[in-house]
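Colleague: Please take a close look at one part of this model for me, beginning at the surface. After that, I'd be glad to hear how the rest of the chain is put together.

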Amino acid sequence: MTSAPPRRRRPIDPRLLIGLALVLLSVAGVVGIVAVTDRTAKVYAAGGTLTAGERVTADDLVLRSVALDGADKHYLRDGQIPKGGLVVTRTITGGELIPSAAVARDAEVESARLVLQVDGSVGSAVTAGADVDVWGAATEDRADPDGEVAPPAVLAAGATVVQVLDDKGLVAGSSNVAVEVLVPRERVARLLQAVADGQRLTLVGRGGRA
């Protein structure tokens, strides 16, 4: 019995090779264009409103990929939060990308929190995150020998309201309102002295709001 003659391989159509090469080149071109044009960076955004003096860690923030066209160096990026977290130095609204200048390490923080008894009630502008000036006014029993009372003066400019406490002051029977504020550290001693002297404290919103 004679064996069948071997099959002759059909030559590969050159057009198939050319088509395959064109497809591969097209895919490589698309990948290259995407790689060049993709300039997104991973930066942190606030999941909710953050107030000055608040400590945040990576778990408290939302990581987003955004196209900032080279401006990502001005924002808090992935991997820039130390293990102990950072301190917020100004109010950041929910969803806002976090600027690098709006957070600081402990050694860089130049503000301190104080709870102050504000004379009477506070205005509607005095809410969490508001920028205010703390004014002090001496009482009549602090008049000088000539009977003159020192005029009201700004004790701390550029303070930030952390929160207005629910209770009407910390002293029973007091009509004052307790407000937690963030003030420059160099003004802490002056404020504490004003409290010790019995001055009436008032918060005035910046920009004409009282």
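Modeller: Happy to. Ile18, Leu22 and Leu25 form a nonpolar patch on the surface, and together they have about 330 Å² of accessible area. Such a patch joins nonpolar side chains (Val, Leu, Ile, Met, Phe, Trp, Tyr) within 5 Å, each residue having over 30% relative accessible area and no salt bridge, while patches of like charges are joined within 9 Å. Areas come from the Shrake-Rupley method with a 1.4 Å probe, and for residues only the protein chains shown count as cover. Before we go on, please keep in mind that this is a predicted model, in which local features need pLDDT of at least 70 and side-chain atom pairs count only at pLDDT 80 or more, whereas totals for chains, interfaces and linings use all residues. Residues are numbered from 1 along each chain as its sequence is written, and side-chain values use heavy atoms, with hydrogens and water left out.

Leu22 sits in helix α1, residues 14-37. Leu22 counts as exposed because its relative accessibility is 53%; the scale is buried under 20%, exposed over 50% and partly exposed in between (1.4 Å probe, protein chains only). The protein chain as a whole exposes about 13800 Å², with 54% of that supplied by carbon and sulfur atoms, and 30% of its 210 residues count as buried.

Now for the layout. The protein chain has two helices and ten strands, in the order α-β-β-β-β-β-β-β-β-β-α-β from the N terminus. These are DSSP runs numbered from the N terminus, helices being H or I with at least four residues and strands E with at least two. Among contacts between residues at least 6 apart in sequence, 69% join residues at least 24 apart, a contact being heavy atoms within 4.5 Å.

The other helix, α2 (residues 188-196), has Val188, Leu191 and Ala194 as its buried residues. They lie on the same side of α2 because they cover an arc of only 125° around the axis, the arc being taken from the directions from the helix axis to the C-beta atoms. An α-helix has 3.6 residues a turn, so residues three or four places apart point the same way. The face turned away from the buried side of α2 carries the exposed residues Ala189 and Ala196. The buried residues of α2 pack against β6, β7 (131-137), β8 (153-164), β9 (177-184) and β10 (200-205). After α2 comes Gly198, with a positive phi near 80°.

The largest nonpolar core has 21 residues, of which Val134, Val179, Val183, Leu191 and Leu203 touch the most other members. A core here is a set of buried Ala, Val, Leu, Ile, Met, Phe, Trp, Tyr and Cys residues joined through side-chain atoms within 4.5 Å. Two or more residues come to this core from each of β6, β7, β8, β9, α2 and β10. Apart from it lies another core of 13 residues, among them Val56, Leu76, Val88 and Ile98.

Salt bridges are next: the structure holds three, each with a side-chain nitrogen of Lys or Arg within 4 Å of a carboxyl oxygen of Asp or Glu. One joins Glu180 to Arg113, whose closest N and O atoms are 3.3 Å apart. Glu180 is in strand β9 and Arg113 in strand β6, so this pair ties together parts 67 residues apart in sequence. Glu180 counts as buried at 13% relative accessibility, whereas Arg113 is partly exposed at 35%. Asp119 and Arg200 also meet in a salt bridge, at 4.0 Å from N to O. Asp119 lies in the loop between β6 and β7 and Arg200 in strand β10, so their bridge ties together parts 81 residues apart in sequence. Arg90 pairs with Glu96, with 3.2 Å between the closest N and O atoms; Arg90 is partly exposed at 34%, and so is Glu96 at 24%.

One last stop is Val109, in the loop between β5 (103-104) and β6 (111-118). Val109 counts as buried because its relative accessibility is 19%. Not counting residues up to four places away in sequence, Val109 touches Val87, Ala104 and Arg185.
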